[in-house]
Amino acid sequence: MKVDEITYQNLIMLLLQFLDEENYRETRHSLEQESKVFFNVDYFGECVINGKWEQAEKYLAAFTELDDNLYSRKLFFELRKQKYFEVLERNDDPEAVNILWKDLNMFSVSQENDLAKLSSSDSIRVNVQLSLRIDTPSTRVELRNDLKVLLKLNPKLQHKLGFPRLEKSGLLSLIKLICPNPESKTRSVKEELIYLILQFLEEEKFNDTAHILEQESKIFNLDYFKQHVINGEWDKADKYLSAFTNMDNDECLMNILLEMQKQKDLEVLDRTNFLQDLENMVEKNATCRDKLKFPNMDKSRLLTIIKQSMEWWVPRYAHVRPRNENISLESIPKVSSLFHVESPIISEYHNQGAPLDQSGNESRELTCSATDKSTICESTEINEPSECYTLVLPDDSLAERVARLIYSYSGDSIVALTDDATHKLQMWLNCQHSSEKANENVKSLVYQLSNGLTMNNEIGKLPCNPCLALNGPYLLSASGGKISVFNLDTFEKLTTFAETTSSTYFIFLNQSTLAFGFHDSSILIHCFLTKMDIAKLEGHQRQITCLAFSQELNVLVSSGADALLCVWNANGWHKQSSKFLRSLCTGQLPDPPVVKHIQFHQDQIHLLVVNERQIDIYEAPLLDHQIQWIIRDSDAPITSATYSCNGESIYVCCRAGCIKVLVSTTLQVKYRIDLSISAQTTACLQVYPLVIAAHPTHPNQIAVGLSNGRVYILEPQHSGGWRATRLEDQGLKHQQP
């Protein structure tokens with residue numbers, strides 16, 4: 001999030017005051033260096049008085065470089081010269097020589113008279129000035145005073161030496177004013193503020209400061225600790241953990257310490273088991289979960305709150321200042337949650353007769369967005385086969401459910417993959433399927449067999465999502481086992497290949513590059529022409545569920561069973577951004593937290609994200625949240641969803657046996673299609689849609705795979721398509737060959 005420079009500097013000053021009042025001294029001085037907003041002259045002077053020369057020079061170097069100007073050169077020179085004198089006083093001639101030629105030799109002899117004297121001496125002890133014994137405490141005090149003068153004269157530092165006068169506990173008071181009644185029942189406002197500060201530090205790339213604050217505030221960063229373990233950096237891991245092991249003999253953290261020490265002593269190269277045990281311990285122990293799991297927060301939450309308060313404050317301050325009036329803070333913008341922005345909730349069903357949930361309350365479908373502009377959503381119920389064109393594709397082998405469904409690029413065929421790893425290729429005999437008339441489209445459909453050949457995958461040992469990808473006439477497919485490559489023209493299995501872990505999703509990024517998602521939560525970028533791996537991406541905690549690539553932005557988005565979305569920049573394959581999926585209405589992760597599907601809009605910027613309970617739209621590459629739709633309980637869960645080919649509609653399959661057609665920009669429900677009559681359900685066996693695919697050129701045609709193995713083709717009868725305001729009664733157009 002971008003804010004003006006003054007607001008940013010004000011926030012840094014408030015943070016520094018808060019850290020000082022909480023006695024987080026190391027964090028404060030680290031933030032001073034990484035933010036470069038305030039040079040702490042007193043702290044710098046303390047380093048000089050205590051002879052901490054490396055610490056003093058490191059602090060100075062964070063604000064100015066040696067060659068910035070003459071004042072900066074003089075500052076560095078005086079520090080190193082005093083260090084040199086004191087080494088001589090200790091009669092440590094080898095160290096003195098090392099300092100002379102390593103630290104002082106870089107200064108120009110012609111510019112520094114003192115250095116000229118040092119360098120021209122045949123012996124270190126020849127110069128009379130250096131042979132005299134020095135009073136170390138007094139010379140350090142004198143040096144500190146001289147350096148203060150140089151700091152004030154240095155143009156690089158002149159506007160960074162003064163700290164503003166602030167009321168006590170300025171930041172904490174402001175936060176309590178903005179959030180007087182926080183929703184959290186488990187954390188204090190101060191604890192929540194520290195989490196906001198940590199998020200801010202991470203977003204600003206102030207990593208050193210963030211990890212120091214974690215240790216001083218006793219907020220354990222499990223991911224940071226695990227990274228040290230993965231890299232075998234036991235000393236760093238032990239140092240980080242040691243900051244937490246005196247927390248009243250905390251059993252959870254003590255267990256981690258013991259397990260890590262055992263791992264370190266065994267010097268096991270494969271640390272997978274230890275990390276898995278660590279994850280299991282955290283998941284099973286409620287105390288560990290509370291201590292070691294960072295809360296989910298909106299992006300740039302602290303900056304957003306400060307910006308909001310400043311935008312309220314500035315015009316009022318400018319208005320009342322000439323009259324010297326006090327400003328009432330009663331109307332300052334307030335929030336109910338420090339972690340999440342408030343979102344107005346709009347009910348989709350305003351008409352009478354809406355279904356009731358188990359508690360007797362009206363069951364509603366909710367649309368949440370960042371604005372309060374909304375309209376009442378009115379949907380049309382489609383309960384009869386006569387209200388839309390429906391074709392049930394003929395198939396005598398209905399043993400298994402349809403697990404995956406995909407159209408060919410031309411839209412003249414459909415490939416269905418069932419739970420038993422069998423492929424069904426269903427083709428149009430008449431190639432005039434591109435006709436705009438829906439009834440002609442339906443009549444030209446036939447089912448073409450494969451001359452006795454079948455396309456079957458190997459079924460894996462682990463329960464994994466089946467996956468499909470098309471590249472011209474070639475089909476890549478997997479059902480938890482080896483990945484198979486088929487020729488759709490001949491049904492021939494051309495080859496199979498396997499990775500070390502089961503594939504859960506894969507897509508073509510271009511004609512020669514594939515992205516694979518795996519059960520172990522990793523992602524592999526592979527060039528199948530050179531047969532070389534390009535990159536391995538790690539950032540999820542659970543298996544990859546879907547991948548989507550934007551040609552416009554040149555980014556890959558991954559989703560997982562951990563409710564996490566990650567954006568990977570294809571230029572170098574680094575993580576550009578990430579965000580957890582959550583419910584705007586509750587502020588919590590959805591239950592279950594699995595992201596079922598992600599898909600880029602036709603504009604290659606907006607991203608559809610599908611969960612069992614909700615539909616979300618994000619804007620890549622920063623994953624700015626746009627809008628959310630939450631399904632009502634009576635229709636839940638969502639089994640599948642997809643954009644129409646023109647991006648105007650979103651088709652949503654529901655376990656209740658219906659399909660909902662949403663307007664993609666507002667997520668308003670335009671139609672609810674009941675499949676129960678067409679699906680020929682019985683009282684003892686409910687048939688419902690499992691997967692859905694949108695035609696690549698006809699925005700109003702969809703293919704639906706059902707739980708009974710059938711595949712339906714659906715189109716609206718109305719000439720305006722699904723976006724029309726109402727369906728016209730055109731009689732029964734239902735056909736089942």
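The count of disulfides, meaning pairs of cysteine sulfur atoms within 2.5 Å, comes to 0. The structure is a predicted model, in which local features need pLDDT of at least 70 and side-chain atom pairs count only at pLDDT 80 or more, while totals for chains, interfaces and linings use all residues. Residues are numbered from 1 along each chain as its sequence is written, and side-chain values use heavy atoms, with hydrogens and water left out.

**Cysteines**

- A disulfide is a covalent bond between the sulfur atoms of two cysteines.
- Cys653 takes part in no disulfide, and the nearest cysteine sulfur, which belongs to Cys654, is 7.3 Å away.
- Cys653 is buried, with a relative accessibility of 0%; the term buried means under 20% relative accessible area, exposed means over 50%, and partly exposed lies in between (1.4 Å probe, protein chains only).
- Cys47 is likewise buried, at 2% relative accessibility.

**Salt bridges in the whole structure**

- Side chains of opposite charge can pair when their charged atoms come close.
- The whole structure holds 18 salt bridges, each defined as a side-chain nitrogen of Lys or Arg within 4 Å of a carboxyl oxygen of Asp or Glu.
- One network of salt bridges links Arg632, Asp635, Lys660 and Arg672.

**The pair Arg28 and Asp20**

- Arg28 and Asp20 form a salt bridge in which the closest N and O atoms are 3.2 Å apart.
- Arg28 is buried at 10% relative accessible area, whereas Asp20 is partly exposed at 39%.

**The pair Arg25 and Glu46**

- A salt bridge joins the side chains of Arg25 and Glu46, with a distance of 3.6 Å from N to O.
- Because Arg25 lies in helix α2 (residues 25-35) and Glu46 in helix α3 (residues 41-49), this pair ties together parts that are 21 residues apart in sequence; helices are DSSP runs of H or I with at least four residues, strands are runs of E with at least two, and both are numbered from the N terminus.
- Arg25 is partly exposed at 39% relative accessibility, and Glu46 is partly exposed at 38%.

**The pair Arg401 and Asp419**

- Arg401 and Asp419 form a salt bridge, their closest N and O atoms being 3.0 Å apart.
- Arg401 lies in the loop between β4 (388-392) and β5 (402-407), and Asp419 in the loop between β6 (413-418) and β7 (423-427), so the pair connects parts that are 18 residues apart in sequence.
- Arg401 is partly exposed at 35% relative accessibility, and Asp419 is partly exposed at 34%.
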